[in-house]
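Here is a short report on one protein model.

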Amino acid sequence: MTIHPAPPGVPPSAAGREADQLARVALTWLTEPGTRSVFHLVEQQGAVAALALLLDGGAPEQALREAVTARLAAGDPLAVANEALGRAERLGARLVTPADPEWPAPVGDLRHLVLAGATRKVDRETAPPLCFWVRGAWPLGEALDRSVAVVGARAATGYGVHVGTELAYGLAERGWTVVSGGAFGIDAAAHRGALNAGGLTVAVLACGLDRPYPVGNTALFDRIAETGLLISEWPPGAEPLRPRFLIRNRVIAAATRGSVLVEASARSGARQTARRALALGRRTMVVPGPVTSVMSVGAHELLREEPYARLVAGVAHVLEEVGRIGGDLAPPARGPERPTDQLDDDATAVLESMPRRGVTGVDAVVARSGVAVRTALRKLALLEELGLVVGRDGGYVVVAPPPRRSASAQEAGGDAGGP
């Protein structure tokens, strides 16, 4: 199939739009997503002209020319693109490009992403996507408009799974989309937490939508597609190759308002998502873990090394970072309220002057507290109303407080809402 670009200044026709889509799919297959020189060619000349240039051997860089030549040995890019579109249609998926109203504009910030000290290709080739494959009914941009990424270790601990699930549940319950990568561990916990809350979740995959990875999460991916979205830059049939996970992570960082790192080992890919979020100026948050856990090393090191990474301990902290300025402030941490919190200085002096056993007369209370008689009588009436003292035998008796629960008992039943 021969494709021709529309003349400059002329709105693309239906045929022109179809040609642009086909070219973007072919370019994504021909060169990996994120390739900066390809993105710039598409920006300058359009996808159709950029593809024609590459196919004619006119790539601006030697390394890119060699990569294109090697890839062409595997097939015709346009034939591959046509086949991918057919597979997507049978899957019930669609192609979304920047020309579509549902395109998520924030991913365009990837044009400015520069990672300090980047030497690996996956850290240098971080350009915006050319297109997305989407499975699910929600408009992509709308789903990502109020979204938070919750990412972390695949080999998560019970602590990490609990925290990830509770965070995602709380965010989804408050109308936020939870975005993650669909992996085992924290990713799966985040998706399930959002689903259990009846909320929206988006899985960003590093492979074709028809072969989601890991296979063990297939049922989870089907649930996500029913009520949320599965998205990928790679066409149907694409394999989940190792470098693609790091390429994918830049999208998770850019498409969301902030990223929460819940557990990460020293070499965790989730840390790379957080670093990309930091470099993009997105809110980047870290949940602390036990200092004895190897699954917390990467998270703690990120907090130590990055001054703009914020420690969060629950949904309220996350909302304070990504929500409305001044409108989503986390309440200050406080212990449980006690009746004595309502007492002023005189009432406190009266109560503290009374022995914990036996009846105390008013004269004794006045003498021991140093409070005037009338004031002491008013404060004793207040204390009696609060259930802290009781009148008996012409005096007053202090009511014994209920026994305090141990720390373990408080943890077991005190904070039902979780983190």
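Where is Glu263 found? Glu263 sits in the loop between strand S7 (258-261) and H12.

## Basis

This is a predicted model: local features need pLDDT of at least 70, side-chain atom pairs count only at pLDDT 80 or more, and totals for chains, interfaces and linings use all residues. Residues are numbered from 1 along each chain as its sequence is written, and side-chain values use heavy atoms, with hydrogens and water left out.

## Overall make-up

The protein chain has 18 helices and eleven strands. Helices (H or I, at least four residues) and strands (E, at least two) are DSSP runs, numbered from the N terminus. Of the 419 residues in the protein chain, 49% are buried. Buried means under 20% relative accessible area, exposed over 50%, and partly exposed in between (1.4 Å probe, protein chains only).

Take the contacts in the protein chain with a separation of 6 or more: residues 24 or more positions apart account for 75% of them. Contact means heavy atoms within 4.5 Å.

## Helices H12 and H13

The axes of H12 (residues 269-279) and H13 (residues 297-305) come within 10 Å and cross at roughly 20 degrees. That makes H12 roughly parallel to H13 (angles under 35 degrees count as roughly parallel, over 145 as roughly antiparallel, 65 to 115 as roughly perpendicular and the rest as oblique). Axes are lines fitted to C-alpha atoms, for helices over the stretch in contact, and angles run from 0 to 180 degrees between N-to-C directions.

Arg271, Ala274, Arg275 and Leu278 of H12 meet Gly298, Glu301, Leu302 and Glu305 of H13. The residues of this contact divide into three nonpolar, one polar and four charged. Here Ala, Val, Leu, Ile, Met, Phe, Trp, Tyr, Cys and Pro count as nonpolar, Asp, Glu, Lys and Arg as charged, and the others, Gly among them, as polar.

## An aromatic pair

Trp103 and Phe132 form a tilted aromatic pair, 5.2 Å centre to centre with 35 degrees between the planes. Rings of Phe, Tyr and Trp (its six-membered ring) pair if their centres lie within 6.5 Å; planes under 30 degrees apart count as stacked, over 60 as edge-to-face and the rest as tilted. Both Trp103 and Phe132 are buried.

## Backbone details

Most residues other than glycine have a negative phi, and most peptide bonds are trans. Glu263 has a positive phi, near 90 degrees. Glu263 is buried, with a relative accessible area of 2%. Asp393 also has a positive phi, near 55 degrees. Asp393 is exposed, at 71%.

A cis peptide bond joins Tyr213 and Pro214, with omega about 0 degrees.
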